[in-house]
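Work through the exercises below with the sequence and the coordinates open. Each task is followed by its solution in steps.

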Amino acid sequence: MDEKKPISRRQLLRSKLGLGLAQSIGYAMGQAHGVTKHIEKSIREPVPPSPPVPEFAVFLRPPGAVDEISFAAQCTKCNACIDACSPKTLVKLTGEFGVFGKAQGTPAIDPNLGGCTMCEDRPCATACVDEGVDILDGLLPMKMGHAFIHRSACRSSIGQECSMCLDVCPIEGVIGHDWRKIPVVNNDLCTGCGLCVHSCPVDPIAISIIPTKDRPPKPPKSVQPSQDQNGQGPSPD
Ligand code: SF4
Ligand code: SF4
Ligand code: SF4
């Protein structure tokens, strides 16, 4: 009878399955090694304090702001951008706005004060660079958020004619109307500038701005793409 030879451990490791297993074991061993090193280290050194719990509340920042955690951590709360904003739509976040923790004292757009006109020369960003901080990076997307229409509060929902938000919106095609003539926002095109909020004539205002949660971190200088006012990158050619 032709008895099969038992597969040696070396052969097993050379087989595809064996290789996969070996990699898993290697990974687990590496992890265990790391744990051992960590235990050794913690016996020698006092345990460091836990890192602060990140604050995930996101605010409506000026255009081109870096990701929220970096922004709140790096902003020196100098007010330079607030002072430089001629439309005066930037406010300092305080407890009055229900803001505490790291974000307190940092700047945000208050659409109720008019909204961001996306100034071509972006004095808010220049002021930030002049302060040596540079977290309103003009090369990041200019998308701050998107408008949300509270349909039942909109004048159009009770049959009254109103097109104030559409008239004031600086980007064509962002606001359309549904079959009831209630405004509908194209979230992809909307920048979250907030001009429509200020234009809304009803009380309470029928529009809110939802800040963008996934603003990217600042890219390294060597790979920064150029952006236009609407956050569009360079054309492929
Ligand atoms: S772009 Fe202009 S309006 Fe907008 S926050 Fe900056 S300075 Fe103010
Ligand atoms: S200029 Fe920059 S550092 Fe100063 S408050 Fe504005 S965002 Fe913060
Ligand atoms: S709908 Fe228009 S006006 Fe309103 S936030 Fe968007 S881009 Fe600005």
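This is a predicted model: local features need pLDDT of at least 70, side-chain atom pairs count only at pLDDT 80 or more; totals for chains, interfaces and linings use all residues.

**Exercise 1. The chain**

Find how many helices and strands the chain has, and in what order they run.

Solution. Step 1: assigning the elements gives seven helices and six strands. Step 2: read from the N terminus, their order is α-α-α-α-β-β-α-β-α-β-β-α-β. Step 3: turn to the contacts between residues at least 6 apart in sequence; 72% of these join residues at least 24 apart. Step 4: for burial, 26% of the 237 residues count as buried.

**Exercise 2. The largest nonpolar core**

Determine the number of residues in the largest nonpolar core, and which elements give two or more residues to it.

Solution. Step 1: the core holds 39 residues. Step 2: the residues with the most contacts inside this core are Cys124, Ile135, Leu136, Cys196 and Ile207. Step 3: two or more core residues come from each of the helices α3 (68-74), α5 and α7 (195-199) and the strands β2 (107-109), β3 (145-149) and β6 (207-211). Step 4: take Ile135 as a case. Apart from neighbours within four places in sequence, Ile135 is in contact with Ala65, Val66, Ser70, Phe71, Gln74, Cys75 and Cys128. Step 5: as background, nonpolar side chains in soluble globular proteins tend to be buried together.

**Exercise 3. Helix α5**

Which residues of α5 are buried, and where do they lie around the helix axis?

Solution. Step 1: the buried residues in α5 are Cys124, Ala125 and Cys128. Step 2: viewed down the axis, the buried residues of α5 fall within an arc of 95°, so they line one face of the helix. Step 3: the cover over these buried residues includes α4 and β1 (90-92). Step 4: just after α5, Gly132 has a positive phi of about 80°.

**Exercise 4. The ligand shells**

For each ligand, list the closest residues and sort the shell by class.

Solution. Step 1: ligand 1 has 14 residues around it, of which Pro62, Cys85, Cys116, Cys119 and Cys124 come nearest. Step 2: by class, the shell of ligand 1 contains eleven nonpolar, two polar and one charged residue. Step 3: ligand 2 is surrounded by 15 residues, and the closest are Cys75, Cys78, Cys81, Cys128 and Val133. Step 4: the elements giving two or more residues to this shell are α4 (80-84) and α5 (123-130). Step 5: the shell around ligand 2 divides into ten nonpolar, three polar and two charged residues. Step 6: link this to Exercise 3. Cys124, listed for ligand 1, and Cys128, listed for ligand 2, are both buried in α5.

Notes:
Residues are numbered from 1 along each chain as its sequence is written. Chains are lettered from A and ligands numbered from 1 in the order in which they are written. A residue is near a molecule or strand if its C-beta atom, placed from the backbone, lies within 6 Å of it. Helices (H or I, at least four residues) and strands (E, at least two) are DSSP runs, numbered from the N terminus. Ala, Val, Leu, Ile, Met, Phe, Trp, Tyr, Cys and Pro count as nonpolar, Asp, Glu, Lys and Arg as charged, and the others, Gly among them, as polar. A residue is buried if 20 or more other C-beta atoms lie within 10 Å of its own, exposed if 12 or fewer, and partly exposed in between; C-beta atoms are placed from the backbone. Two residues are in contact if their C-beta atoms, placed from the backbone, lie within 7 Å. A nonpolar core is a set of buried Ala, Val, Leu, Ile, Met, Phe, Trp, Tyr and Cys residues joined through C-beta atoms within 7 Å. The arc is that of the directions from the helix axis to the C-beta atoms.
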